[in-house]
Amino acid sequence: MKLGMYLVMAMTAIVVGLVATATYLFVTSGMAGAQEAGAAGMVIDPEIMTWGFISAAASAGLSAAAAGYAVAQVGSAAVGALAEKPELMGRVLVMVGLAEGVAIYGLIVAILILGKIPGLAG
(Lines give C-alpha, C1' and ligand atoms only; values in the text may rest on other atoms or scores of the structure.)
Protein backbone atom coordinates (compact mmCIF):
# COMPACT_ATOMS: atom_id res chain seq x y z
CA MET A 1 0.00 0.00 0.00
CA LYS A 2 2.77 2.46 0.85
CA LEU A 3 4.65 1.66 -2.34
CA GLY A 4 1.58 2.54 -4.40
CA MET A 5 1.14 5.78 -2.49
CA TYR A 6 4.76 6.76 -3.12
CA LEU A 7 4.36 5.86 -6.78
CA VAL A 8 1.28 8.07 -7.11
CA MET A 9 3.07 10.94 -5.34
CA ALA A 10 6.08 10.59 -7.65
CA MET A 11 3.89 10.54 -10.74
CA THR A 12 2.00 13.59 -9.50
CA ALA A 13 5.27 15.44 -8.89
CA ILE A 14 6.43 14.54 -12.41
CA VAL A 15 3.18 15.76 -13.97
CA VAL A 16 3.28 19.00 -11.98
CA GLY A 17 6.89 19.56 -13.02
CA LEU A 18 6.07 18.95 -16.67
CA VAL A 19 3.10 21.31 -16.53
CA ALA A 20 5.17 24.02 -14.84
CA THR A 21 7.95 23.64 -17.40
CA ALA A 22 5.54 23.67 -20.33
CA THR A 23 3.78 26.72 -18.90
CA TYR A 24 7.07 28.57 -18.51
CA LEU A 25 8.13 27.69 -22.06
CA PHE A 26 4.78 28.69 -23.49
CA VAL A 27 4.72 31.97 -21.59
CA THR A 28 8.20 32.96 -22.68
CA SER A 29 7.56 31.92 -26.27
CA GLY A 30 4.22 33.75 -26.20
CA MET A 31 5.90 36.99 -25.27
CA ALA A 32 8.47 36.49 -28.03
CA GLY A 33 5.72 35.65 -30.51
CA ALA A 34 3.78 38.76 -29.57
CA GLN A 35 6.86 40.91 -30.14
CA GLU A 36 7.45 39.28 -33.55
CA ALA A 37 3.82 39.81 -34.54
CA GLY A 38 4.07 43.43 -33.41
CA ALA A 39 7.16 43.91 -35.58
CA ALA A 40 5.26 42.49 -38.55
CA GLY A 41 2.54 45.11 -38.24
CA MET A 42 0.00 43.17 -36.18
CA VAL A 43 -0.72 44.42 -32.69
CA ILE A 44 -1.41 41.53 -30.34
CA ASP A 45 -1.74 41.97 -26.63
CA PRO A 46 0.91 39.76 -24.97
CA GLU A 47 -1.52 39.06 -22.15
CA ILE A 48 -3.84 37.27 -24.57
CA MET A 49 -1.08 34.97 -25.74
CA THR A 50 0.20 34.42 -22.21
CA TRP A 51 -3.18 33.45 -20.78
CA GLY A 52 -3.96 31.38 -23.86
CA PHE A 53 -0.81 29.33 -23.39
CA ILE A 54 -1.40 29.02 -19.65
CA SER A 55 -4.97 27.83 -20.17
CA ALA A 56 -3.93 25.32 -22.85
CA ALA A 57 -1.18 23.94 -20.62
CA ALA A 58 -3.52 23.76 -17.64
CA SER A 59 -6.18 21.99 -19.71
CA ALA A 60 -3.78 19.36 -20.98
CA GLY A 61 -1.94 18.90 -17.69
CA LEU A 62 -4.91 18.77 -15.37
CA SER A 63 -6.84 16.45 -17.65
CA ALA A 64 -3.83 14.12 -17.81
CA ALA A 65 -3.58 14.13 -14.02
CA ALA A 66 -7.31 13.49 -13.68
CA ALA A 67 -7.14 10.67 -16.20
CA GLY A 68 -4.24 9.11 -14.33
CA TYR A 69 -6.18 9.24 -11.08
CA ALA A 70 -9.28 7.81 -12.76
CA VAL A 71 -7.34 4.97 -14.35
CA ALA A 72 -5.73 4.18 -11.00
CA GLN A 73 -9.09 4.00 -9.26
CA VAL A 74 -10.90 2.12 -12.01
CA GLY A 75 -7.95 -0.18 -12.64
CA SER A 76 -7.67 -1.24 -9.03
CA ALA A 77 -11.40 -1.91 -8.87
CA ALA A 78 -11.18 -3.80 -12.16
CA VAL A 79 -8.45 -6.08 -10.87
CA GLY A 80 -10.61 -6.86 -7.85
CA ALA A 81 -13.59 -7.62 -10.05
CA LEU A 82 -11.52 -9.81 -12.36
CA ALA A 83 -10.26 -11.82 -9.40
CA GLU A 84 -13.82 -12.83 -8.61
CA LYS A 85 -15.23 -13.04 -12.16
CA PRO A 86 -12.67 -13.48 -14.96
CA GLU A 87 -15.42 -13.35 -17.59
CA LEU A 88 -15.75 -9.57 -17.02
CA MET A 89 -12.49 -8.84 -18.85
CA GLY A 90 -14.10 -7.10 -21.84
CA ARG A 91 -16.31 -4.86 -19.74
CA VAL A 92 -13.42 -3.90 -17.49
CA LEU A 93 -11.27 -2.87 -20.44
CA VAL A 94 -14.04 -0.58 -21.67
CA MET A 95 -14.29 1.11 -18.26
CA VAL A 96 -10.53 1.74 -18.13
CA GLY A 97 -10.66 3.10 -21.68
CA LEU A 98 -13.40 5.53 -20.71
CA ALA A 99 -11.25 6.80 -17.87
CA GLU A 100 -8.39 7.39 -20.29
CA GLY A 101 -10.70 9.42 -22.52
CA VAL A 102 -10.55 12.31 -20.05
CA ALA A 103 -6.96 13.01 -21.12
CA ILE A 104 -7.93 13.00 -24.79
CA TYR A 105 -10.70 15.52 -24.14
CA GLY A 106 -8.26 17.81 -22.34
CA LEU A 107 -5.82 17.57 -25.23
CA ILE A 108 -8.57 18.45 -27.71
CA VAL A 109 -9.56 21.48 -25.62
CA ALA A 110 -5.90 22.58 -25.46
CA ILE A 111 -5.60 22.34 -29.24
CA LEU A 112 -8.80 24.37 -29.65
CA ILE A 113 -7.47 27.04 -27.27
CA LEU A 114 -4.17 27.23 -29.15
CA GLY A 115 -6.09 27.58 -32.39
CA LYS A 116 -7.87 30.67 -31.09
CA ILE A 117 -4.74 32.56 -30.07
CA PRO A 118 -4.13 35.37 -32.52
CA GLY A 119 -0.84 35.10 -34.33
CA LEU A 120 -0.68 31.30 -33.99
CA ALA A 121 -3.77 30.45 -36.02
CA GLY A 122 -1.81 30.83 -39.21
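**Fold, helix packing and exposed sites**

Of the 122 residues of the protein, 20% count as buried. The model is a predicted one. Its secondary structure comes to three helices and zero strands. Along the sequence, the pattern reads α-α-α. Helix 1 covers residues 2-39. Helix 2 covers residues 46-84, and helix 3 covers residues 89-116.

The packing of helix 2 with helix 3 was examined next. The axes of these two helices come within 8 Å. They cross at roughly 175°. Angles over 145 degrees count as roughly antiparallel, and helix 2 and helix 3 are therefore roughly antiparallel to each other. The contact of helix 2 with helix 3 draws on 23 nonpolar residues, six polar residues and one charged residue.

Helix 3 also contains Leu 112. Leu 112 has a relative accessibility of 57%. Exposed means over 50% relative accessible area, so Leu 112 counts as exposed. Leu 112 belongs to a nonpolar patch on the surface.

Val 16 and Leu 62 stand 46 residues apart along the chain.

A second pair involves the segment after helix 3, where Gly 119 is found. Gly 119 is exposed because its relative accessibility is 53%. Gly 119 and Ile 44 are 75 residues apart in sequence. Their C-alpha to C-alpha distance is 7.6 Å.

In summary, the predicted model has three helices and zero strands. Helix 2 and helix 3 run roughly antiparallel, with 23 nonpolar residues in their contact.

How values were computed. Residues are numbered from 1 along each chain as its sequence is written. This is a predicted model: local features need pLDDT of at least 70, side-chain atom pairs count only at pLDDT 80 or more; totals for chains, interfaces and linings use all residues. Side-chain values use heavy atoms; hydrogens and water are left out. Patches are made of residues with over 30% relative accessible area and no salt bridge: like charges are joined within 9 Å, nonpolar side chains (Val, Leu, Ile, Met, Phe, Trp, Tyr) within 5 Å. Accessible areas come from the Shrake-Rupley method with a 1.4 Å probe; for residues, only the protein chains shown count as cover. A salt bridge is a side-chain nitrogen of Lys or Arg within 4 Å of a carboxyl oxygen of Asp or Glu. Helices (H or I, at least four residues) and strands (E, at least two) are DSSP runs, numbered from the N terminus. Buried means under 20% relative accessible area, exposed over 50%, partly exposed in between (1.4 Å probe, protein chains only). Axes are lines fitted to C-alpha atoms, for helices over the stretch in contact, and angles run from 0 to 180 degrees between N-to-C directions. Angles under 35 degrees count as roughly parallel, over 145 as roughly antiparallel, 65 to 115 as roughly perpendicular and the rest as oblique. Ala, Val, Leu, Ile, Met, Phe, Trp, Tyr, Cys and Pro count as nonpolar, Asp, Glu, Lys and Arg as charged, and the others, Gly among them, as polar.
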